[in-house]
Amino acid sequence: MPALSKQEKQELISEVLAAYPEEARAEREKHLYVNDPEMESTTKCLTANRKSQPGVMTARGCAYAGSKGVVWGPVKDMVHISHGPVGCGQYSWGTRRNYSTGSTGIDNFVVMQVTSDFQERDIVFGGDKKLEQMIREIKEIFPLAKGITIQSECPIGLIGDDIEAVAKRMSAELNMPIVPVRCEGFRGVSQSLGHHLANDTVRDHVLGTAEPADSTDYDVAIIGDYNIGGDAWASRIILEEMGLRVIAQWSGDGTLNEMQTTHKAKLNLVHCYRSMNYIARHMEEKYGIPWLEYNFFGPTKIEESVRAIAAKFDKKVQDKAEEVIASHKGRMQAVLDKYRPRLEGKKVMLYVGGLRPRHVIGAYEDLGMEIIGTGYEFGHNDDYDRTLKEAGDATLIYDDVTAYELEAFAENMRPDVIGAGVKEKYVFQKMGIPFRQMHSWDYSGPYHGYDGFEIFARDMDMAVNAPAYKLMKAPWKNA
Amino acid sequence: MQEALNIKDHNGLFELERYKESQEAKKAFEKWPTEDEIEKVRAYTCSDEYKEKNFGRTALTINPAKACQPLGAIFAAAGFDGCLPYVHGSQGCTAYFRSHFNRHFKEPFAAVSDSMTEDAAVFGGHKNMIAGLKNAYALYKPKMIAVSSTCMAEVIGDDLNAFIKNAKKAESVPADFPVPFAHTPSFVGSHVTGYDNMLKGILFQLTQGVEKAPADNGKVNIIPGFDGFAVGNIQEIKRILKLMGVDSIVLADNSDVLDTPLDGTYKMYAGGTTIEEVKAAKNARATFALLPDSVEKATKTLIKDEWAQQFFASIPLGLAGTDAWLMKLSEVTGKEIPAELERERGKALDAMTDSNYYLHGKRFAIFGDPSYAEALTDFYMELGAEPVHIVVTNGSKKWAKAFNKKLSESSFGKGGKVHQGADLWHLRSLMISEPVDFLVGSTHGKQIAKELDVPLIRIGFPIFDRHHLHRYPTFGYRGIINILTWTVNAILDDLDRKATFNNDFVR
Ligand code: SF4
Ligand code: SF4
């Protein structure tokens, strides 16, 4: 199918929107546009970070998901309480693939569902007493836990519990950080506010509360890498090869101590801007630590990023950076030689969280693939601004796209592969469109770094060129 | 060149020396405990003292084996033709429910939320319901919308009935458009309770105005319940009923929508119980609920009192379980159990004797929903296996008491104990102090199974980490062969893996 022109895409948007009742259509209109890289900013053509319309089937989650699921959950030596009824913690238990080392239940508590399992009486009489008791029990049951976070589910903010007071009291009693987070799911409009609230609580309770054993001029922190399928490890290793010292990982495979001591970093390296720009800005203001956004998806962007990072350091690091780039060239070329011919010209639609809708574009382009549509579940305008130049001319851009819209767009544009989440996956596969989950890497990964790109290329080939899709039509049905 | 590439993903990459070094070096920044400290704590968590502390927990729940009400509600709702599950409340829950089912069934799962936010927390979700029903109706063109609620809506006390009435007044949906509803507070009961409540809501609403006929229509109703094996089981039960010549109506038949072909189109509504069938169900001769825990209160009361029907709740799992179920069905319908089913029974029994030696006397632990846990335990005892720990986080004390009594009266079961209200962290302690030969349950048992090196037989919900199991029935005589196959082969795999000299080709 030939690619749709700008005009045709504009028409497609109107056609799709026609199905909505008036009020919803007027709102949804503000979330869809066709990209023009010449534009300076998206504020005129797009509204983002707005409430989802009721009843439309948004893919978005909630603030709890942003705090417990994304930012805090991966911190491995702390216990994260899903505070409230059993559900939220149950569904987010062990499904995000933020890998970490250690032994579950002994020194590592990431893949555990620790909950106050609220019953009716807790709703009626309040849950503070229970929370207090629970925290004492955590200390007994998990002696190696270095701290505790309280991740509020919806009811907490509605029944007037004072989790801050409990946290303060218990923190003093047990002599460990206990962090209350007001990330009830009804706050904000998506996961995004949860990221922000979680960042604020790191700032208020953790950051700067311990000093590192030593310090060097080459100390950096990785901010906003959740180690999905080992992403942060595959990034860390590049930074180490460059002669830098990664003193903290936020927050994939992260620890309390790393977060406490990050204020001694010389440079903060921000991968997922959306979920952690807040803390980076704070460290800049309070500690004067500069921060730099980088992109470790695909050799082109990695190369650019490695140079940009090295430019913040001395000649020694810069020379090493060139060595690193040179040392991976051959291998990367071999990967491209194998996969580019199989993927060249293939069209891609994306719909991911707050970073990847723009950050992975370069990696696809390295493979000769073209992005024809992309959008964020919970991006803000600054994310879309950052997307303007990354996405090509006439790329369809959709914010908080509904299931209805995304299906209609895909039906009309027939991409060769779609990258989105598990809720979308099976829908598009039924439509005969190959799919990769781009939150969880579809149980693969890492995709970050040089090592990750090899896997990314392999996986895209696996999806796009899966023989099964070509068998869709029963041979006895004539063409 | 291609061979030379040898791409390693997360399963091999991090075993490489350079990554091991990198991770080792990271420990300094982590202030990671020393090996000694870790080993000391590990040993402590395996001690009797620790077990006592663990069982002394009064407020802390760790790794429970249950989910919340609305999950069950939308599972039931998905079983009706053209029905769009709608969850009134904050939107995050719905995203979680949907992905939970996606991961288990590897299928799409449609459901909408009306996305209540902070203003709704103050003023209630009235406006959200009006706009939500309107948008959902316009976009997804359902034949019915089934409304359940998240704990947010429940805590602020939203009145679903009144809101839906008002939405109809505001013309969000036509006045005669069915919008059944159920309040599904997640701080009461569990996912099976939600199934019960939503099913009752739908059955009640759709049969309003349906006259109770003087004579029944000869059909039987089947309620499958909250079952991770719904696809295989509903198909199997329908096959059995056909063999018996029994005319049936499956109430909440989600076996098609969760098992659609890849044919180039996505069909959001792909079969299920029709509104007409539900109407006819009111005048059926009897209702058979296959999972008693899924119909415990609301649905049972509706069918017994309002529909004035015979109501049976028993699970056709295992030999005696299937026998009893078929006999009851035969008794109620007057249809004979056909020779073909008797042949199937014989084959199942044959398989049981083939595998007997690997199962007799084997000690096992099991966790999951009460109906499944009990029926599976009964079945394993038919194989001569001995239950040791039965962990059920939901369920009732009454149920546990009756089950414990039954166990104590069985020569195979007398060493077993039901731990109702316990969680998987309790189970870990139990399995350390009294080890077993195999564990039965959902994917969530994976950690314990791995740590204690015990095979995990995946029967339960959710199963995220194995494919296609839900397509196989666990019910009926064919279900016996499936359960048996999974179990005995897992035991044999374990035996082969641990064998030092005995590498027999024949087992
Ligand atoms: S907020 Fe309540 S309804 Fe929603 S997932 Fe959590 S426990 Fe379930
Ligand atoms: S990578 Fe995507 S899903 Fe992950 S935290 Fe960032 S925005 Fe969210």
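Reader: Which strand of chain A holds A:Ser251?

Author: This is a predicted model. A cis peptide bond joins A:Ser251 to A:Trp250, with omega about -10°. The strand that holds A:Ser251 covers residues 245-251 of chain A, and it is strand E7.

Reader: Where in chain B does B:Pro462 lie?

Author: The peptide bond from B:Phe461 to B:Pro462 is cis too, with omega near 0°. B:Pro462 is in a loop of chain B. That loop runs between strand E13 (456-458) and helix H21 (476-498).

Reader: What is the phi of A:Asp442?

Author: A:Asp442 sits in a loop of chain A, between strand E14 (435-437) and helix H20 (449-464). It is not a glycine, yet its phi is positive. The value is about 50°.

Reader: How many residues apart in sequence are the parts that A:Glu454 and A:Arg331 tie together?

Author: The structure holds 73 salt bridges over all chains. In one of them, A:Glu454 meets A:Arg331, with the closest N and O atoms 2.6 Å apart. A:Glu454 lies in helix H20 of chain A and A:Arg331 in helix H14 (residues 315-343), so the pair ties together parts whose separation in sequence is 123 residues.

Reader: How many residues of chain A are in contact with chain B?

Author: Look at both sides of the interface. Chain B brings 99 residues into contact. On the side of chain A, the number is 113.

Reader: Which residues of chain B lose the most area to chain A?

Author: The two chains bury about 9,000 Å² between them, and 63% of it is on carbon and sulfur atoms. Three residues of chain B lead the list, together giving 9% of what that side buries. They are B:Phe29, B:Tyr96 and B:Phe187.

Reader: How many salt bridges cross the interface of chain B and chain A?

Author: Start with one pair: the side chains of A:Lys76 and B:Glu30 meet at 2.8 Å, N to O. A salt bridge needs such atoms within 4 Å, so this pair qualifies. Across the interface of chain B and chain A, the count is 9.

Reader: Which helix gives the most residues to the side of chain B that touches chain A?

Author: Between chain B and chain A there are 40 residue pairs in polar contact. On the side of chain B, one helix gives the most, with 10 residues. It covers residues 91-105 and is helix H6.

Reader: Which element gives the most to the shell around ligand 1?

Author: Residues from chains A and B surround ligand 1, so the site is shared between chains. Two elements give two or more residues each: helix H4 (87-91) of chain A and H6 of chain B. The shell has 8 nonpolar, 3 polar and no charged residues. With 3 residues, the element that gives the most is H4 of chain A.

Reader: How many charged residues are in the shell around ligand 2?

Author: The residues around ligand 2 include A:Arg96, A:Cys272, A:Arg356 and A:His439. By class, 5 residues of the shell are nonpolar and 3 are polar. The number of charged residues is 2.

Terms used. Residues are numbered from 1 along each chain as its sequence is written. Chains are lettered from A and ligands numbered from 1 in the order in which they are written. This is a predicted model: local features need pLDDT of at least 70, side-chain atom pairs count only at pLDDT 80 or more; totals for chains, interfaces and linings use all residues. Side-chain values use heavy atoms; hydrogens and water are left out. Contact means heavy atoms within 4.5 Å. Buried area is the accessible area (1.4 Å probe) that two parts lose on being put together, summed over both. A polar contact is a pair of N or O atoms within 3.5 Å; within protein, one must be able to donate a hydrogen and the other to accept it, and residues adjacent in sequence count only if both atoms are side-chain atoms. Helices (H or I, at least four residues) and strands (E, at least two) are DSSP runs, numbered from the N terminus. A residue is near a molecule or strand if one of its heavy atoms lies within 4 Å of it. Ala, Val, Leu, Ile, Met, Phe, Trp, Tyr, Cys and Pro count as nonpolar, Asp, Glu, Lys and Arg as charged, and the others, Gly among them, as polar.
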